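Have a look at the sequence and the model, then read on.

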Amino acid sequence: MAPIDPDPSPSPIGATSRLTIDLDAVAANWRAMAALAPGALTGAAVKANAYGLGAVPVVRKLYATGCRNFFVAHLAEGISLRPHLAGDANIHALHGIPPGTAHEFVAHGITPVLNSLVDVDAWRHAAAQADRPLTAILQLDSGMNRVGLSAAEVKALVEAPERLSGIRFFAAMSHLACADTPEHPLNAEQRRRFMAVTQSLPALAGAHRSLANSAGILLGPDYHFDLTRPGIALYGANPASALPSPVTPVVRVETDILQVRDIDRPEVVGYGAAHEVTGPTRVATVAIGYADGYLRAAGNRGKVSVAGRLVPILGRVSMDLMTIDVTDIPPAQSAPGMPVVLVGDNLAIEDVTRDMGTVSYELLTRLGSRFARTYLGGVA
Ligand SMILES: *Cc1c(COP(=O)(O)O)cnc(C)c1O
């Protein structure tokens, strides 16, 4: 494998918890998404620090793999990535233009996604000021009712096309609410509305059309249009739980056993005495808790992997610690210092997050600053 990428967030001294991010797997997953939508450009959602995995090493790897369209949420995320990407890489900021910041988009070469008529007006003024056409993406609300122009607002633009003067549309986009549920009728309805609205606005002629996130790509060619925006699939999680995963795992979360105790009579474990031990039990403590991004909801429900076997979490997850049942693991493999896998090997991220009552997106974006991070397959 290629050398380790320079790490944007240096690992804490003495960290015993390890987060390994396989950038070759990110690249393979991007190619897999591209292969599923061969007629479209394949972009990448890298918002929220590439779903917590480190946007700088991720975008460098994706650029080297061929990606040229990167979606961030906030302007600041885009500005921080700009120096790490060549000029032919487009960075699109999904959240529109915060008041008074249009000139920052121009200065840093970030494309705003215009979500409202206020955004449209701000960008037209910026183009007038720059005295040249400026590129943007127009977001249309096709039924999610979250961000984007409503059909009525698009109609206002059709009737007053001068409001778009100086704006050149790279793309028209919309976002699917239920793409992970292929049979949901809203998918086809959103697609129908998206097509109708893009066709109604002459300024969008020639612009790319973009509808699909990761799960949207799996919905098939009707949803691919000209530009896709996969996120979670790149990071190795299955975008649609009912289907077999089309992607390779990217993340491995591992720690070491901190302490072990053998309990041979009725006792309780952890905060709130939330777990009662009845028979002989070997309890191992690991230095991972909810402050490390491991959800507290996994208490008394989740599993970890020790010596290749799944074992249960005992009691509550504390801020910095949790306890696991290693009664069935040979003592040599459950001693202090022995590894415990929290995500990886026989523990898919979807299995972990199901026990937490959440989705892989939430766990990934929470795996915070306490881990020693290792990137495999980085681009120098
Ligand atoms: C986050 C996001 C994506 C990527 O979604 P995934 O489900 O992670 O593939 C695509 N488009 C928009 C508008 C997003 O906000």
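What you're looking at is a predicted model, where local features need pLDDT of at least 70 and side-chain atom pairs count only at pLDDT 80 or more, while totals for chains, interfaces and linings use all residues. Residues are numbered from 1 along each chain as its sequence is written, and side-chain values use heavy atoms, with hydrogens and water left out.

**The largest pocket**

- A pocket here is an open set of points on a 1 Å grid over the protein atoms alone, with protein on both sides within 12 Å along at least five of seven lines; a cavity, in contrast, is a set of points where a 1.4 Å probe fits but cannot get out.
- The largest pocket comes in at a volume of about 910 Å³, a volume being the space filled by probe spheres set on the points, with grid points joined across faces, edges and corners.
- Lining residues have an atom within 4 Å of a point; there are 39 of them for the largest pocket, and Tyr51, His175, Asn213, Ile232 and Tyr361 are the closest to its centre.
- Sorted by class, that lining splits into 20 nonpolar, 12 polar and seven charged residues.
- Helices (H or I, at least four residues) and strands (E, at least two) are DSSP runs, numbered from the N terminus.
- Four helices each supply at least two residues of the lining: H2 (47-51), H9 (214-218), H10 (349-356) and H11 (360-366).
- Which helix gives the most to the lining of the largest pocket? That's H11, with four residues.

**Aromatic rings**

- Rings of Phe, Tyr and Trp (its six-membered ring) pair if their centres lie within 6.5 Å; planes under 30 degrees apart count as stacked, over 60 as edge-to-face and the rest as tilted.
- The structure has four aromatic pairs. One of them is a tilted pair of tyrosine 51 and tyrosine 235, with 4.7 Å from centre to centre and 40 degrees between the planes.
- Tyrosine 51 belongs to helix H2 and tyrosine 235 to the loop between strand S10 (227-228) and strand S11 (251-263), so this pair ties together parts 184 residues apart in sequence.
- Are these two tyrosines buried or exposed? Tyrosine 51 and tyrosine 235 are both buried, where buried means under 20% relative accessible area, exposed over 50% and partly exposed in between (1.4 Å probe, protein chains only).
- Phenylalanine 194 and phenylalanine 225 make an edge-to-face pair, 5.3 Å centre to centre with 85 degrees between the planes.
- Phenylalanine 194 sits in helix H8 (residues 185-200) and phenylalanine 225 in the loop between H9 and S10, so the pair ties together parts 31 residues apart in sequence.
- Phenylalanine 194 counts as buried at 1% relative accessibility, and phenylalanine 225 is buried too, at 13%.
- Tyr51, Tyr235 and Tyr361 form one aromatic cluster.

**Charges**

- A salt bridge is a side-chain nitrogen of Lys or Arg within 4 Å of a carboxyl oxygen of Asp or Glu, and by this rule there are 18 of them.
- Arginine 68 and aspartate 88 meet in one of these, at 3.2 Å from N to O. Arginine 68 is in the loop between helix H3 (55-65) and strand S4 (69-72), and aspartate 88 in the loop between helix H4 (75-81) and strand S5 (90-93), 20 residues apart.
- Arginine 68 also has its charged end over the ring of tyrosine 63, 3.6 Å from the ring centre; the rule asks for NZ of Lys or CZ of Arg within 6 Å of the ring centre and within 35 degrees of the ring normal.
- Arginine 282 bridges to aspartate 262, with the closest N and O atoms 3.0 Å apart. Arginine 282 lies in strand S14 (residues 281-286) and aspartate 262 in strand S11, so parts 20 residues apart in sequence are tied together.
- In that pair, arginine 282 is buried at 15% relative accessible area, whereas aspartate 262 is exposed at 55%.
- Arg18, Arg252, Glu254, Asp256 and Asp345 are linked in a salt-bridge network.

- Most residues other than glycine have a negative phi.
- Alanine 48, in helix H2, has a positive phi of about 50 degrees.
- Alanine 50 is also found in helix H2, and its phi is positive as well, near 50 degrees.
- Alanine 48 is partly exposed at 36% relative accessibility, while alanine 50 is buried at 0%.

Key:
Ala, Val, Leu, Ile, Met, Phe, Trp, Tyr, Cys and Pro count as nonpolar, Asp, Glu, Lys and Arg as charged, and the others, Gly among them, as polar.
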